Amino acid sequence: MSTTLEEQGVLELSCSTNSSQVNIIAIADVHIGHPGAKIEDFIEILKRAKKQNDYVVLLGDIVDNPDEKTGLYDANTTPEQAMMKFIEILAQHKTKILCVVSGNHEYRTKKKSGIDTLNVVCQQYKIPYTAGIAIIRLKLKHTNFDIVVGHGYSAARTLNSKVGTMTELTRVVKNADVYIVGHTHQPSIVPIASFEFNDSVKQRQSLLITAPSWLSYSIYSAQKFMPPSPRGFIKITLTVNGKISASLDLERSVVL
């Protein structure tokens, strides 16, 4: 019996706009329920996206699900309260969200309970969702952009290793214009290039983007000798003339 591409963990989406420019905000690793989660900052970015007609992709680990190793008793809310908070936020900003992918924390919930909570919520609000990889064909008037998003994986500790691991997505889906991941809590914008051959050899350029987390420093991080995660957000800009750019809005000085 054959399975569909979506059943194999790959979601295909198509959307279009008559705008000459589109901005996409990449948001990952909010960890609602964690005592260090910067929920108000997260909400403020969604409000800004709504006001400026930007779009958002949510890249997993939206709701925290700690275990015995990562601080089961440190959470300041129950998992149900954290999920209800996310539903409250989603209800107000659902029209601006291009898609949602799950992360390892959502997978942990599904593994324990058999329930994919993000899938349930996204179905309710008719938001495209996948537990794997999403491939988005975004059309600006006559110009197409292919965007690949996924949560990512890595146990890397060094900067080079964190960024290097995420390049694996470019081997899974070829020739996209933008690749967006999360998970490592280490924001980066990396231009990548490759040669492709159709009738002739051409150089193709893409962006590999890792979104930052929305967590403040914690005892768990200190115990593991982890550095604090940079805080800010990444905006990807696509224009009808085919240009792609990305910027990191970084807080230079963070009040703890």
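How closely do the axes of helix α2 and helix α4 approach, and at what angle do they cross? I shall take that question as the way into this structure, which is a predicted model.

Helix α2 covers residues 79-93 and helix α4 covers residues 117-125. Their axes come within 11 Å of each other and cross at roughly 25°. Because angles under 35 degrees count as roughly parallel, α2 is described as roughly parallel to α4. The crossing of α2 past α4 is right-handed.

Let us turn to the residues that meet there. From α2, the contact involves M83, F86, I87, L90 and A91. On the α4 side, the partners are T117, L118, V121 and Y125. Of the residues in this contact, eight are nonpolar and one is polar, while none is charged.

I move now to the sheet. Six strands make up an open sheet with mixed pairing, and their order is β1-β6-β7-β8-β10-β9. At its edges are β1, residues 10-17, and β9, residues 188-197, each of which pairs on one side only. From one strand to the next, the twist averages 20°.

Within this sheet, I would draw attention to one pair of strands. Strand β8, residues 178-181, runs parallel to strand β10, residues 201-210, and four bridges join the two. In β8, V178 has L207 of β10 as its bridge partner.

Finally, which strands does helix α5 lie across? Helix α5, formed by residues 159-166, lies across β8, β9 and β10. The direction of α5 is at about 125° to β10.

Technical notes:
Residues are numbered from 1 along each chain as its sequence is written. This is a predicted model: local features need pLDDT of at least 70, side-chain atom pairs count only at pLDDT 80 or more; totals for chains, interfaces and linings use all residues. Side-chain values use heavy atoms; hydrogens and water are left out. Axes are lines fitted to C-alpha atoms, for helices over the stretch in contact, and angles run from 0 to 180 degrees between N-to-C directions. Angles under 35 degrees count as roughly parallel, over 145 as roughly antiparallel, 65 to 115 as roughly perpendicular and the rest as oblique. A crossing is left-handed if the near helix is turned anticlockwise from the far one by less than a right angle, and right-handed if clockwise. Contact means heavy atoms within 4.5 Å. Ala, Val, Leu, Ile, Met, Phe, Trp, Tyr, Cys and Pro count as nonpolar, Asp, Glu, Lys and Arg as charged, and the others, Gly among them, as polar. Two strands pair if DSSP finds at least two bridges between them.
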